[in-house]
Amino acid sequence: KQWYQRRVRGLYGYDDDDVVAADRCFTFYAFFNVVWPTIFLELWKRRSAALAWEWGTLGRDIEAQETQRPQFKGVLGANPVTGEVELQYSALLRQAKQTVSLVLSGCCLLVVLVSMLAVFRFDDYIQHICRNEAFPDFVPGFLTRFVRYTPKVLLPITVGILDALYSNIAVALNNWENYKHQRTYENWLVLKLILFKFVNSFLALFYIAFYLQDFDKLQETLATLLITKQIVGNCGEILGPTLISWAKVYLLRRSSGVEETKRKISQVETESEKPRYDSSFDDYLEMFIQMGYVILFSAAYPMAAVWAFLNNIVEIRGDAFKMVNGLQRPFMKRVEDIGFWQDAFEILSVIAIVVNCSLIGIRGQVGRWFPSFTAGQQILFVIMMEHIFLSIKFIIDRAIPDVPAWVQLASAKERYKRNRALKGLSSIMRTARLKGQLQKKAQQAKDRLGKIKGEEGDEEVLEQNRTVAGQSNSRYKLE
């Protein structure tokens, strides 16, 4: 009850002793975390469809037009569809490599699990020392007040180090699997990284919420992970490329003797020294992790949504500064949507329903609503509530069209014009074909008539020759 009173006073704005009010606020916030991601994703699909229509990529088979990756390796062979000679790679061999990658990814997840447990054990040890004030002799006195915060700082550091290590491993495994097209390559890389990043980023929170069931610690851990990731991420994204580009330009000036000759470095030289912007993969991954922090556990710490909102405001301007000043100008890529990321966000919103309903059950709110319910009945009630939330999500998903009405209308008009043009073209081709056939038949008739006339002329000449020969023969006989 005291814990609820603190949460009500500190988080939800109430200042009374009504635990029922706290339960209602928590339930409303959990329900809000279920509804708004669904509406947001549906509105984003509509926005994506509108942009794809404006840019001419809606309904286009982009993957069929995609060229081969330069890193793709294989043996020359005939394409069974086009018959052209191109590089081929065994699908069976790629599936075997994917199986090996899956096993290695599982081993990496075990490393994450062991690392998280080690950090929590270290946290318990530090808290025990702080409670008993049994600090080792080698710890200076002025540091004893900061020792209790060591595990909280160690956790995000561990998460960041494991993220960086597995990112390199995932890229190496994806290159080893040897995909032909860039879109397929990115989809499989997303699948590998999302699974690891999800476990690495949220395993500690799941452990605290469902095993320890310590909501005070859950709030502190969520705040530490979210704020630390945002500060470190923004500083790294903005300052990293900018400092690297400035350092490279300075070295270019020194190596080319610009300072002595007073020659200005051209924009082309400056741009060539900046880091490349390979893809938007890291940006999507950052948004995926942030959205997970907000919709999975922010019911226990509502300020997480506020911190995420403030971070996104800073991130918009920070990414713009990074793209303009710190990186090379990126090349355009024709895509219809955000690809596999859309499915990843949809799956995350479904997991959020399960997590929020489970948090409601763990906090004992169902037992306070229905005191006569047994433990089994409470579990059944939570499952029923989860299915109701899933049904609401499905209804919202079906109620909001993925494509705006004006885009559907414009697309229908374009299809009508295209079909009409194709019909006109086919009519012209049919007319031209008939005209060619008629011309061919006329030429054949003309040739046949000329042949007949030639044969008739030959018969007349033969008859005249016969007549002349007969007359000559008669004169010969008379003579």
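The legends below describe several close-up views of a predicted model.

Residues are numbered from 1 along each chain as its sequence is written, and side-chain values use heavy atoms, with hydrogens and water left out. Because the model is predicted, local features need pLDDT of at least 70 and side-chain atom pairs count only at pLDDT 80 or more, whereas totals for chains, interfaces and linings use all residues.

**View 1. A tilted aromatic pair, F31 and F389.** A search of the whole structure finds 21 aromatic pairs, where rings of Phe, Tyr and Trp (its six-membered ring) pair if their centres lie within 6.5 Å, and planes under 30 degrees apart count as stacked, over 60 as edge-to-face and the rest as tilted. One of them is the tilted pair of F31 and F389, with 5.3 Å from centre to centre and 55° between the planes. This pair links distant parts of the chain, since F31 belongs to helix α2 (residues 19-54) and F389 to helix α15 (residues 375-399), 358 residues apart; helices (H or I, at least four residues) are DSSP runs, numbered from the N terminus. F31 is partly exposed, at 31% relative accessibility, whereas F389 is buried, at 7% (buried means under 20% relative accessible area, exposed over 50% and partly exposed in between, with a 1.4 Å probe and protein chains only).

**View 2. A stacked aromatic pair, F120 and Y207.** The rings of F120 and Y207 are stacked, with 4.9 Å from centre to centre and 20° between the planes. Here too the pair links distant parts of the chain, F120 lying in helix α4 (residues 91-132) and Y207 in helix α7 (residues 182-212), 87 residues apart. F120 is buried, with a relative accessibility of 6%, while Y207 is partly exposed, with 22%.

**View 3. A cluster of aromatic rings.** F198, F202, F206, F210, Y293 and F297 are linked into a cluster by ring pairs.

View 4. S48 lies in helix α2 and counts as buried, at 11% relative accessibility. If its neighbours within four places in sequence are left aside, S48 is in contact (heavy atoms within 4.5 Å) with E336 and D337. L51 is also found in helix α2 and is buried, with a relative accessible area of 16%. The C-alpha atoms of L51 and D337 are separated by 9.0 Å, although these residues are 286 places apart along the chain.

**View 5. The crossing of helices α11 and α13.** The axes of helix α11 (residues 281-297) and helix α13 (residues 340-362) come within 9 Å and cross at roughly 15°, so the two helices are roughly parallel to each other (angles under 35 degrees count as roughly parallel). The axes are lines fitted to C-alpha atoms, for helices over the stretch in contact, and angles run from 0 to 180 degrees between N-to-C directions. Among the residues that make the contact are F281, Y284 and F288 of α11 and W341, F345 and L348 of α13.

View 6. Most residues other than glycine have a negative phi. N178, in the loop between α6 (150-177) and α7, has a positive phi near 60° and is buried, with a relative accessible area of 6%. Q213, in the loop between α7 and α8 (215-256), is not a glycine but has a positive phi of about 55°, and Q213 counts as partly exposed at 43% relative accessibility.

Technical notes
Angles under 35 degrees count as roughly parallel, over 145 as roughly antiparallel, 65 to 115 as roughly perpendicular and the rest as oblique.
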